[in-house]
Amino acid sequence: MKTLQLLLVCMVAVLYSRAQDNEDDLTPDQAQFERAMDVYEEGDLASAASEFRKFMVEYSESPLVARAHYNVAYISFFLKEFGTAKLIFREILAMPYNEQDPNGLMEPYTLYKHHSCRMLAEMALEEQDYSAAEKYIHQFDKVYPYQHFCGNEWAAYDMYLTVMRARVYEGRNQIQKMLEVLLPYTFTNSLASNNGVLDKLVEVLEKNYSKEVLRQEFARSFASLAIKQNKKETHASVLIYGVKVEVEDSYFSMDEENRTKPASETERYQNIVKGNKLFKKFL
């Protein structure tokens, strides 16, 4: 459920739409939508869902209908009314809603269908329906793709997508395939944190291997560090469970205590590897 809780934090921005600062400037549909939002913000979620449903009936031609529709599905999910939530998220997929409706600063587009497929995939994974999860992962990635102007957000999305695919492999007990998709993100670039990937790797490795086996594997991996240099750049890599993993030198590559000035390129990359969360955990 940890993944679902994180997802809820990401999704909450879709609910909001403050049309005007001055209530006198609101159209009747905007004013009604704001009242429903007020109920939501007060924490009365069941009543808020009822208000959004009422809004959809009374202002069926409003440009805010899509947002209200998604809000009902989201609240149903949050209230653990999963059958209702799935039904409404699927309804949204059949509607002619504009994925690029403006949203907020952090998420510029509402992406109703993209986010609905994310939620449907999450629920399918919780229910161990891996075929459905795979279908919805494909839909939110290819059919209703993520959209953003920020490279950091794209990097974060890429790792979220990777973890989702890995969870399908995990559910089917295809552990090596799961490692093959996750391990390349062991050392990430500076655009986004890879903590979600590393947390999942720690979880699956501890579940499937003993402490001694893990210690031996990460000792072998550390010893496999290969560094290649040319006039312009340096490349380094390690082998973890047979997967060649590029060692990237960035802010997210190591913790504070290992960010010291190295005596050589070899020591620099050794520090990066030793400072990585996986190696600190298992080596």
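Two strands pair if DSSP finds at least two bridges between them. Helices (H or I, at least four residues) and strands (E, at least two) are DSSP runs, numbered from the N terminus. The model is predicted: local features need pLDDT of at least 70, side-chain atom pairs count only at pLDDT 80 or more, and totals for chains, interfaces and linings use all residues. Residues are numbered from 1 along each chain as its sequence is written, and side-chain values use heavy atoms, with hydrogens and water left out.

**View 1. Strands β1 and β2 pair in the antiparallel sense.** β1 covers residues 226-229 and β2 covers residues 234-240. Four bridges hold the pairing. A hairpin of four residues joins β1 to β2. Lys228 stands opposite His235 in β2.

**View 2. Helix α6 is largely enclosed by the rest of the structure.** Helix α6 runs over residues 112-126, 15 residues in total. From first C-alpha to last, α6 reaches 21 Å, close to the 21 Å expected. The expected span is 1.5 Å times one less than the number of residues. Of the 15 residues of α6, 14 are buried. Buried means under 20% relative accessible area, exposed over 50%, and partly exposed in between (1.4 Å probe, protein chains only). Just after α6, Gln128 takes a positive phi of about 60°.

**View 3. Thr186 is a buried loop residue.** The loop lies between α9 (175-182) and α10 (195-208). Thr186 has 0% relative accessibility, so it counts as buried. A polar atom of the Thr186 side chain lies 2.6 Å from the backbone oxygen of Leu183. Beyond its neighbours within four places in sequence, Thr186 is in contact (heavy atoms within 4.5 Å) with residues including Asn194, Leu198, Ile240 and Asn276.

**View 4. Phe140 and Tyr157 form an edge-to-face pair.** Rings of Phe, Tyr and Trp (its six-membered ring) pair if their centres lie within 6.5 Å; planes under 30 degrees apart count as stacked, over 60 as edge-to-face and the rest as tilted. By this rule the count comes to 17 aromatic pairs. In one of them, the ring centres of Phe140 and Tyr157 lie 6.3 Å apart and the planes meet at 75°, so the pair is edge-to-face. This pair links distant parts of the chain, 17 residues apart: Phe140 sits in helix α7 (residues 130-143), Tyr157 in helix α8 (residues 151-171). Phe140 is buried at 0% relative accessibility, and Tyr157 is buried with a relative accessible area of 5%.

**View 5. Five residues make one aromatic cluster: Phe140, Tyr146, Trp154, Tyr157 and Tyr160.**

Technical notes. A polar contact is a pair of N or O atoms within 3.5 Å; within protein, one must be able to donate a hydrogen and the other to accept it, and residues adjacent in sequence count only if both atoms are side-chain atoms.
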